[in-house]
Amino acid sequence: MKSASPFGFLGPVLATIVAVALGTFVFHRYAAERADSIGRARAEQAARWLLTHGPTGVEDLRRSGTVRLAGVAFDAPPAGSRYPYLRRPIWLAHTEPGKVEAALSRDDPAEKAAADALVQDELVRLPDGGYRAAAGERLGGGERRAAVVELAPPQRVLVPWPGLSMAMLAALVFWWDLARRNPASRSRPVVGALTVSVGVLGLLAPRLLAVDRLEVPASVGSADVTGAAMLLAGVVLAPLALVVGTGWRHGSRPSPHRVAYAYIGPALLGLGVLVLVPFLYGVALAFTRASHGEVVFVGLSNFVDILSSAGRSLTEPLSFYFTLVVTLLWTLANVVLHTGIGLGLALLLKEPTLRFKGVYRVLLIVPWAVPSYITALVWKGMFNQQYGLVNHLLAGVGVAPVAWFSEFWTAFTANVVTNTWLGFPFMMVVSLGALQSIPADLYEAAAVDGASKWQKFRHITMPLLRPALVPAIILGSVWTFNMFNIIYLVSGGQPNHGTDILITQAYRFAFEQDRYGYAAAYSVLIFFILVIWSFFTQRFTRSEEA
Amino acid sequence: MGRLDHVFKHAFLVVFSVATLFPALWVVKMAFRAEQSFATSMNPLPTAFDLDNFAALLGDALFGRQLLNSLFVAALTTAVGVFLACTAAYAFSRFRFPGRRAGLMFLLVTQMFPGTLMTIPLYSLMEMLGLLDALLGLVLVYSTTAIPFCIYMLKGYFDTIPRELEESAIMDGAGPFTLFWRIILPLSRPAIAVTALFSFMTAWNEYILAATFMGDERAYTLPVKVQSFVGDYTTEWGYFAAGALIVSLPVMALFFALQKHLVGGLTAGSVKG
Amino acid sequence: MNRAGRRGLSASFEPWSSAGVRRLLAGLLLVVSASLFACDTPRATPDEEEIVLWHAYRGDERAALEAGVAAFEARHPKVRVRALAVPYDAFVDKVSLAVPKGNGPDVFIFGHDRLGDWAQRGLLEPLGFLADESVLDRHPRETVDALVYGNELYGLPLAFKCLALYYDKALVPAPPATTDELEQVARALRSRNPAVWGIAWELESLYFHAPWLHGFGGAVYRDDADTLALDTPEAARSLAFVRAWRDDARIIPPEVTSALTTALFRRHELAFVVSGPWFRAELSGHDGWGVAPLPVVSATGQPARPFLGVEGLFLNRRSPRKRLAFDLMVALTGDEAARTRFTGGGQLVANQVVYEDAAVRADAFSQAFRAQAARTVALSNRPHMRRIWTPVKDALSAAIVHGAEPAGALKTAVEEIARVDP
């Protein structure tokens with residue numbers, strides 16, 4: 001079947017017109033910007049050059065034709081000040097003779113620029129088209145130096161081509177679409193090569209045509225980068241779009257896999273960029289250590305330190321293995337409770353003849369809806385030894401008040417109770433949804449066969465729930481493993497870091513002790529543990545791929 | 001179902017609901033009294049009904065704008081997340097292509113890296129993409145956070161829909177889009193409701209990234225505003241609690257609206273099986 | 001089964017051939033591009049200069065700051081100041097991330113404890129060139145010195161805070177001058193009514209324990225270097241002293257949280273609270289309390305000296321308009337703006353002249369804190385200080401709450417801190 005291009009024959013024509021108009025607009029904006037950026041770059045370069053060459057460079061620059069003014073300034077502490085850290089600016093050398101080792105005045109704009117440059121670099125376009133650049137630097141011992149240079153207006157305006165080339169590229173792509181609808185056409189590779197070379201030429205043209213008096217290479221302005229990015233995008237995306245759109249390949253069978261890749265592409269691409277890049281950053285960080293403001297590569301020493309418990313005994317709370325065991329216990333307890341309660345409630349609420357179901361469901365979702373920051377602290381208050389509600393209730397049944405956060409198991413229980421309260425609505429909602437995938441007639445058939453409720457549950461509900469419920473459980477356990485909020489807010493890791501889980505330890509290393517490398521190594525270890533664990537669960541879910 | 005059974009069930013549900021609501025009642029109590037300290041009494045029932053905190057929050061000039069920002073971000077996250085997750089889950093469920101298992105593993109693995117240190121590289125990424133100080137950047141980050149669960153959930157659900165349905169529809173001449181829109185999606189409404197709610201929640205309550213990336217108060221989302229009541233030594237709990245309640249309302253409303261899809265059930269028994 | 005069935009479903013798919021898909025995609029594209037424009041936030045017009053200021057103020061303090069900003073804008077017609085209120089939790093991260101990339105504010109307000117870290121990383125501009133003596137003379141010397149690191153000045157002080165002694169006037173007619181007096185009063189109150197507690201503060205925080213540490217002659221650092229002086233006998237004595245108050249005299253509640261302290265004080269069940277100026281906000285609507293400087297430690301005869309915290313204005317080293325931003329800083333720390341911050345925002349401003357005003361002299365609250373500020377030790381702003389908090393917290397918890405031996409607990413803390421050092 002012949003498939004039509006979106007707008008028919010007019011498509012490429014319209015696209016060309018639009019592209020040329022766009023290109024012209026970009027060209028005009030770009031040209032002025034480019035000239036300005038060349039001028040600025042030259043002035044800045046001259047100022048920096050002077051800064052490195054110091055007072056002797058002043059003479060050299062004075063002899064060069066385009067430099068109108070040059071000077072170097074430095075700082076000094078004012079005599080007899082009560083504050084030892086105040087400083088004042090002074091001239092060191094100037095193209096105007098007589099202005100040597102004199103205090104800078106703030107009336108002359110160039111001198112003011114130099115004084116300001118001790119604090120702040122500056123670059124201005126002068127009214128006559130010239131440029132004044134002032135650059136400063138800090139030397140050792142807190143001293144500063146600055147240089148100011150004034151240049152005459154630049155001689156030449158260059159011709160930028162990126163905008164035009166982008167327009168031509170877009171036009172060519174659309175003509176290509178038109179051309180290759182004839183499957184026997186040989187022109188495709190030729191057209192493609194032509195397109196790319198036009199684009200590349202357009203980008204290189206400014207450099208090839210540039211002539212510069214000061215022999216200072218022009219720096220890359222921001223417009224260049226944008227132009228290059230647009231070009232790259234065009235070169236990459238246009239053919240990609242054509243290739244992936246399988247339905248346009250006239251007469252050939254599209255590969256079945258391409259459809260699937262097109263479907264999963266955007267999601268995985270976004271995930272890849274936004275998750276993979278930070279992950280790689282974290283891994284790289286794990287091999288470093290920040291020492292006095294500098295980051296040094298230390299190889300595996302962070303990992304060795306962690307895995308050997310840094311000299312602590314294995315069962316001490318701050319040891320990696322102790323925290324690992326606590327984290328596993330924490331995950332297990334939470335997942336079991338969340339799933340049990342969530343599923344139980346969903347089963348209760350699925351009863352068709354039960355009234356007020358909607359009300360119950362909305363009430364039971366409250367823990368998920370209210371922000372956990374405040375509810376976690378409310379729970380912490382409830383577990384307060386003297387004035388908490390829990391101890392009050394326990395006193396009502398005759399149990400002595402418990403110091404919840406002084407012992408490991410009681411603090412752990414407090415954390416688990418709080419997180420269960422916060423987490424069961426999610427599992428309840430997932431279970432409610434999952435239960436809908438089981439057709440009602442199965443239950444009816446089972447009832448006809450005389451099955452009891454428990455048998456129905458075991459043989460119908462459980463197996464059919466698995467495909468939808470198991471992902472939630474697996475992901476839920478991964479999230480619980482890395483659940484930072486609750487531990488931090490409720491028990492705070494008490495007593496003595498006993499109830500800290502791996503992620504809270506990592507947080508402490510990063511933000512309380514500034515040991516980012518160590519925390520990154522911790523995170524990498526957490527990651528590996530989870531990956532290993534997920535291999536085991538994959539076997540469990542593989543049997544579900546019926 | 002005997003009557004006694006029903007009574008037991010109702011009793012249990014009532015008790016459980018009340019126990020669930022209990023901690024939230026303290027939040028209500030703090031929201032409705034004028035003092036800004038944290039409630040430490042044992043009785044969570046509100047004693048005062050001062051509307052000062054709410055008035056201060058709702059009367060803030062930027063409140064409307066910030067609420068809209070939150071709604072925009074959360075709605076777009078939900079739309080993008082559900083859309084991308086549906087197509088991807090469909091592919092994972094129905095097609096067998098090289099890299100399928102790896103793709104699923106990859107989704108799971110993306111959830112495993114702890115996010116404590118992620119802010120630094122994410123910030124650089126957002127800056128490179130030019131999405132710093134743009135709500136769209138937040139949408140991008142939130143969607144990628146929510147998508148893995150959505151794909152897994154939807155895939156699991158799609159797996160339970162028998163292929164014979166699709167095949168018979170194709171024999172009747174349905175195109176792929178019709179297939180997706182008219183057959184698969186209506187049968188997966190509960191799963192879509194769950195994923196929509198989850199995506200919304202992921203985007204709605206997040207404040208750390210929003211506060212770090214946004215450079216103008218007009219671009220702040222509501223949770224950032226609410227979190228700004230937490231100070232270095234003290235927190236203004238009255239305002240915070242009022243803010244927490246206001247922030248919870250749209251979620252409850254969304255859940256209420258999605259409920260009928262969540263438990264909609266299948267009207268015609270002949271559709272399945 | 002037909003051919004489609006045998007080949008599988010995928011082969012017959014032509015996803016883009018349906019008009020519905022195209023419409024959907026076009027619609028999505030439209031929405032996305034519309035939203036791109038919807039997110040535009042207005043910037044200053046080209047001939048205006050815009051200064052960006054970040055702070056973590058809210059409520060009255062924020063209003064007072066914005067009044068100062070408005071006064072500055074009135075004097076500089078071509079300048080706009082964009083003040084952004086950032087939640088405190090996110091503030092440090094935001095600054096640390098944005099400033100090195102050049103996206104940060106021109107000026108920002110924060111406590112001085114992070115100064116060393118930021119200065120070392122090159123985020124802050126030293127103010128030696130921009131400031132002169134007339135600017136610095138407006139502030140008490142100790143507040144300016146707190147903003148110095150490595151012999152360079154990095155900020156201008158806005159306000160200070162430190163701990164002082166709050167007392168309930170109904171239970172305690174006059175504030176005690178020494179710790180023995182305080183203990184006596186507290187014991188008497190407890191024996192009369194066991195529901196009343198004597199004194200409370202966050203036991204496990206070094207910040208709150210510092211007054212006693214310094215009162216017993218101890219210190220955090222030995223000298224200008226990073227050597228710790230925490231494992232000295234004086235420090236151990238300060239821990240033992242607090243533990244005695246908690247376990248023997250029983251005038252401190254066993255489990256103290258800030259929420260609990262506020263609640264007890266408001267119910268007149270707590271005679272003394274060691275807290276800072278922020279505590280006043282927690283007591284809104286409550287009367288009959290006063291503030292006094294912390295007492296003298298009877299065992300040594302030295303006053304209990306809390307840490308001094310200074311809130312300062314800092315200048316971004318990459319700001320493209322430093323002179324203008326510095327003008328803003330000088331204006332916000334000026335005496336007029338300080339008066340507004342004092343009366344409207346309730347801040348303890350770092351301007352000497354404000355405390356000489358007739359109205360302010362009559363305000364017992366600020367005079368008490370001003371008097372206490374003269375008896376403080378500046379919280380060290382060096383980066384090393386940040387590593388101390390958690391290990392010392394563990395030591396305080398072990399010694400005071402769990403009954404471990406103070407000298408041993410402190411030694412463990414010092415070892416832990418040394419271990420953290422790379």
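Biologist: What should I keep in mind before we start?

Modeller: The model is predicted, with local features needing pLDDT of at least 70 and side-chain atom pairs counting only at pLDDT 80 or more, while totals for chains, interfaces and linings use all residues. Residues are numbered from 1 along each chain as its sequence is written, chains are lettered from A and ligands numbered from 1 in the order in which they are written, and side-chain values use heavy atoms, with hydrogens and water left out.

Biologist: Okay, chain B. What makes up its secondary structure?

Modeller: Chain B has 12 helices and zero strands. Helices are DSSP runs of H or I with at least four residues, strands are E runs of at least two, and both are numbered from the N terminus. The C-alpha atoms of chain B fill a box of roughly 70 × 65 × 30 Å along the principal axes.

Biologist: How many residues does each side bring to the contact of chain B with chain A?

Modeller: Chain B brings 91 residues and chain A brings 94, where contact means heavy atoms within 4.5 Å. The two bury about 8,500 Å² between them, 80% of it on carbon and sulfur atoms. Buried area here is the accessible area (1.4 Å probe) that two parts lose on being put together, summed over both, so the figure covers both chains.

Biologist: Which helix of chain B gives the most to that side?

Modeller: Helix 1 does, with 18 residues. Among the other helices that supply at least two residues each are helix 3 (63-94), helix 6 (135-159) and helix 12 (237-262) of chain B. By class, that side of chain B has 66 nonpolar, 18 polar and seven charged residues. Nonpolar takes in Ala, Val, Leu, Ile, Met, Phe, Trp, Tyr, Cys and Pro, charged is Asp, Glu, Lys and Arg, and the others, Gly among them, are polar.

Biologist: What about salt bridges and polar contacts between chain B and chain A?

Modeller: Zero salt bridges there, but six residue pairs in polar contact, both at pLDDT 80 or more. A polar contact is a pair of N or O atoms within 3.5 Å; within protein, one must be able to donate a hydrogen and the other to accept it, and residues adjacent in sequence count only if both atoms are side-chain atoms.

Biologist: Now chain C. How much area do chain A and chain C bury?

Modeller: About 4,600 Å², 47% of it on carbon and sulfur atoms. On the chain A side, A:Y83, A:Y85 and A:V119 lose the most area, together 15% of what that side buries. The contact takes 46 residues from chain A and 50 from chain C.

Biologist: How do you know that A:R82 and C:D137 form a salt bridge?

Modeller: Their closest N and O atoms are 2.8 Å apart. The rule wants a side-chain nitrogen of Lys or Arg within 4 Å of a carboxyl oxygen of Asp or Glu, so the pair qualifies. A:R82 lies in the loop between strand 1 (67-76) and strand 2 (88-94) of chain A, and C:D137 in the loop between helix 6 (133-136) and helix 7 (141-145) of chain C.

Biologist: Which residue of chain C forms a salt bridge with A:R82 at 3.5 Å?

Modeller: C:E133, and that distance passes the rule as well. Two salt bridges are counted between chain A and chain C, alongside eight residue pairs in polar contact.
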